[in-house]
Amino acid sequence: MYPEAPESAPADEAFPADAWIDGARSTGDLEEIFDHVVVGSGASGAVAAHALVAAGRSVAIVEEGPWVRTREFGDGVYGAFKRMFRDAGAQVMEGRSYLPLLQGRCVGGSTVMNSAIAHRTPEDVLDEWAERFGLGAALSPRALEPHFEAIERELSVRVVGDEALGENNRLFLEEAAAEGLPARRMRRYENGCRGSGRCFTGCPHGAKQGMNVSYVPWALARGARLFSSCKVERVLVEGGRAAGVVAWTPGIIDRRKGHRVLLRARRGVLVAASTVQTPGLLRRTGLRGRAIGEHFQCHPGVAVAGVFDAPVDMGTGATQGAESVSLRRSHRIKLETLAIPPELAAVRIPGIGRELMDRFEEFAHVAMWAVVVRAEAEGRVGAGWGGRDRVKLSLARADVERARKGLALLARMMFEAGARELWPGVYGVPNVLRSIDEVRWIDEAPADPRAFGFITTHLFGAARMGVDPAASVVGPDFQTHELEGLYVVDSSVFPTNLGVNPQHSIMAMSRLAATRIAESRTGRSRPPPAHAAA
Amino acid sequence: MTLTRLERRWAEAAMVAIFPGSVEAGLAGIGAMQVDAFLREVMRTLPFRAALGVRLAVWLVAVAPWFMLRRFATIAGLGLAERERVIARLVASRSYAVRSLALLLKAIGALLYAADDRVRRRMAPPRPRLAQLRGRAPAV
């Protein structure tokens, strides 16, 4: 029943052969029935599916993108963009500036290409959600604790070891310690990381515990079925409740080519399509709540590169292995290391022509550190041209000022750590800074998002959870206010952003939701008793 | 969306100026790579709005000599050094739209150029063992 695979093969080679239906190879329309249909196979969808199937429910996972297996990962960025990223990596948020927005569009979602960083939801954030949104009983630290523990155990969460630390991370930690800035090695989902620095294009060793090599194949092994390359058009509504989904295999634009995939759900549909795609799916289903698509938030980040005399070789070691969260509450920023592949680094290297070529050779001596902002700005996810999802957000002045402050701090740290020159990548600031005194240029840079090379990967809101149906989309039980049996379990429901990497919170909340749904007889999630609040 | 042959020629002329290679370093320029085929492939892959952005970028760079050099020539009609100067000015433009579009060509060219094995070896020489780098880890 199981495909032949060597004992050491990644988990994405070992699952029942009939558990995976590849929509790209479909030969006709399909119709099947399950207890639950889960839309999306990223951090939230995979975990929810696994929790449901572990509770004895029959589950279908529907994923818009393909399943790119570990053995198919290359180290080229273009190939990864084309196969695994939404809009081939060209997705942007529109506002005062265009802000690149990277999202996975494949089995495993963004966990295939992120850095696998595990942070529990900060308690002050949960307190804020309790106070402002009335979620104290539903999302208390006590309620989330067993889910964090289970995920940490199952995904082998561990601190970056010496063997995978790498010079980029080591330099950051050493300098932070010298400055008296509390910093630490990151905790990541990994099992045998070799520090190959290839998180961004998919871990070639199956060591990073993305959903593609963990909860998805584990759920399949327990009886779930995966429908990849199937784009969900809408949730099927029958008898006033969610009764399944209607999806299409590739060729949806020209339906003569694509096939209809109708997946019925006896006990409910869980939407885990991501913050950008979930609002559109709710609207296509006929939901009309005013809060759908509103209150979108993100964590914009910007990096500074420094050239050292000794080799840094940021391609060796954990892609992101060191961080400081000590300024999260006071300054709403997080400092961290970042290694990027040569194709992306080439854009950050200053100059063009001869100057650029000369600097190419310095790449092996470059360290890169980034500041990530818990942005105050709120945006909107709506419908764009051709029914595509469109994200609009303009960073607030305060957000840009915080990024600028963090960038200047990192720049000074880099010079103190021994960098001989810096590439700040800020418009209005010289391309190359050669002394710590010149960091004042960054301090004086315009507080304008168009001056900075922001990028974002952490997305929140747009289907907010709350007790007020006029101001939120789902209730504390994760069920939409408007349609029975329709749940949203991804980071769309987060009332605010976090200030730390969100994957752990997304997974724990999804597991919590799925567990509550599975514990109910009807499939309807039961809100926890009020005394469950911590 | 696809670029016309003329547009691809302009795009390649710009990319050759951005990534000319280095004789001293023994690095070929992007012109020695399959730029035309790559551009066709990229335009097929990108969603409409992004592809439209690439087309705008190509036209911006193509006609930039008209308003920057006051010369009736496209980017492909300039010598390498002049092309480089024109693009450098675009990348440093006060206009966010202009510098973003010019950088878009650099970003697309980088996806091809820095993916080349020879270029990668130059940027990231064979990896030394971590222990050889410094051989120490902080007690943090």
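One term before we start: a residue is buried if 20 or more other C-beta atoms lie within 10 Å of its own, exposed if 12 or fewer, and partly exposed in between, with C-beta atoms placed from the backbone. You're looking at a predicted model, where local features need pLDDT of at least 70, side-chain atom pairs count only at pLDDT 80 or more, and totals for chains, interfaces and linings use all residues. Residues are numbered from 1 along each chain as its sequence is written, while chains are lettered from A and ligands numbered from 1 in the order in which they are written.

**Stop 1: B:Glu84.** Select B:Glu84, which is in helix 4 (residues 80–91) of chain B. Helices here are DSSP runs of H or I with at least four residues, strands are runs of E with at least two, and both are numbered from the N terminus. Is B:Glu84 buried or exposed? B:Glu84 is buried, because 22 other C-beta atoms lie within 10 Å. Leaving out residues up to four places away in sequence, B:Glu84 touches A:Ile352, A:Gly353 and B:Ala17. Touching, or being in contact, is when the C-beta atoms of two residues, placed from the backbone, lie within 7 Å.

**Stop 2: where the chains meet.** Show both chains. Contacts link 40 residues of chain A with 38 residues of chain B. On chain A's side, helix 5 (166–179) is one of the elements that supply at least two residues, and helix 5 of chain A gives the largest share, six residues. Sorted by class, that side of chain A has 20 nonpolar, seven polar and 13 charged residues. For the classes, Ala, Val, Leu, Ile, Met, Phe, Trp, Tyr, Cys and Pro count as nonpolar, Asp, Glu, Lys and Arg as charged, and the others, Gly among them, as polar.

Stop 3: Axes are lines fitted to C-alpha atoms, for helices over the stretch in contact, and angles run from 0 to 180 degrees between N-to-C directions.

**Stop 4: a crossing in chain B.** Next, pick helix 3 (residues 48–68) and helix 5 of chain B, which pack at an angle of about 105° with axes 9 Å apart. That makes helix 3 of chain B roughly perpendicular to helix 5 of chain B. This contact has 11 nonpolar residues, one polar and no charged.

**Stop 5: two loop residues.** Finally, select A:Asp87, in the loop between helix 2 and strand 4 (92–94) of chain A. Its phi is near 55°, a positive value in a residue other than glycine. A:Asp87 counts as buried, with 20 C-beta neighbours inside 10 Å. Then jump to A:Asp313, in the loop between strand 13 (297–307) and strand 14 (322–324) of chain A. Phi of A:Asp313 is near 50°, again positive in a residue other than glycine.

Terms used
Angles under 35 degrees count as roughly parallel, over 145 as roughly antiparallel, 65 to 115 as roughly perpendicular and the rest as oblique.
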